[in-house]
Amino acid sequence: MSREAEVRYHADQEIAKSFPELLGKAREAERTLQELRAADADEVELRAAGLAFDRALTEALRAAEAGQRATFGVKAYDDRIARRKAKATPAGAMWTAEVNRLRTLREENRLWGIPRVPSRVPAAR
């Protein structure tokens, strides 16, 4: 186990502590986006809400990935086989499933949840 792996492990533990809060923010951003869709809001508002949801999901995903790495243990930072073994444990499988779920949700939002708004064309003189 290297000193660098130990430092990264402790940093990941600190980042992972914020996961529940960041997941709550992502859920709130998703709820706001759904409410705007139900209210038939204009595309500019929907785009802003979709981008806010994307940012919240990205932050939650980063914290989940940190939690996943920290759950795998210090040895997994340097050893590919230790990482694979840790993924097979119940805690490792839970974090892996959560990371995959958040990635899928973020990609779905990027593909379908953020409306494209045409850019404004400058007026000709």
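Modeller: Helices here are DSSP runs of H or I with at least four residues, strands are runs of E with at least two, and both are numbered from the N terminus. The model is predicted, so that local features require pLDDT of at least 70 and side-chain atom pairs pLDDT 80 or more, while totals for chains, interfaces and linings use all residues. Residues are numbered from 1 along each chain as its sequence is written, and side-chain values rest on heavy atoms, without hydrogens and water.

I begin with the surface. A patch of positive charge is formed there by Arg 8, Arg 80, Arg 83, Arg 84 and Lys 87. Patch members have over 30% relative accessible area and no salt bridge, like charges being joined within 9 Å. Helix H4, residues 80-87, supplies four residues, the largest share of this patch. Lys 87 belongs to helix H4 and counts as partly exposed because its relative accessibility is 42%; the class lies between buried, under 20%, and exposed, over 50%, for a 1.4 Å probe with protein chains only.

Thr 96 is classed as buried because its relative accessible area is 15%.

I turn next to the paired charges. A salt bridge requires a side-chain nitrogen of Lys or Arg within 4 Å of a carboxyl oxygen of Asp or Glu, and this rule gives a count of nine salt bridges. In one of them, Glu 21 pairs with Lys 25, with 3.5 Å between the closest N and O atoms. Both residues lie in helix H2, four residues apart, or about one turn of the helix. Lys 25 is partly exposed, at 46% relative accessibility. In another, Glu 28 and Arg 31 bring their closest N and O atoms to 3.3 Å. Because these two residues stand three residues apart in helix H2, about one helical turn separates them. Glu 28 is partly exposed at 43% relative accessibility, and Arg 31 is likewise partly exposed at 40%.

A further pair spans two helices. Arg 110 forms a salt bridge with Asp 54, and their closest N and O atoms are 2.8 Å apart. Since Arg 110 is in helix H5 and Asp 54 in helix H3, this pair ties together parts that are 56 residues apart in sequence. Asp 54 is buried, with a relative accessible area of 11%, whereas Arg 110 is partly exposed at 34% relative accessibility. Together with Glu 107, Asp 54 and Arg 110 are linked in a network of salt bridges.

Asp 40 sits in the loop between H2 and helix H3 (43-72), and is exposed because its relative accessible area is 68%. Most residues other than glycine have a negative phi. Asp 40, however, has a positive phi, near 60°.

How values were computed:
Patches are made of residues with over 30% relative accessible area and no salt bridge: like charges are joined within 9 Å, nonpolar side chains (Val, Leu, Ile, Met, Phe, Trp, Tyr) within 5 Å. Accessible areas come from the Shrake-Rupley method with a 1.4 Å probe; for residues, only the protein chains shown count as cover. Lys and Arg count as positive and Asp and Glu as negative; His and the chain ends are not counted. The place of a charge is taken as NZ of Lys, CZ of Arg, CG of Asp or CD of Glu.
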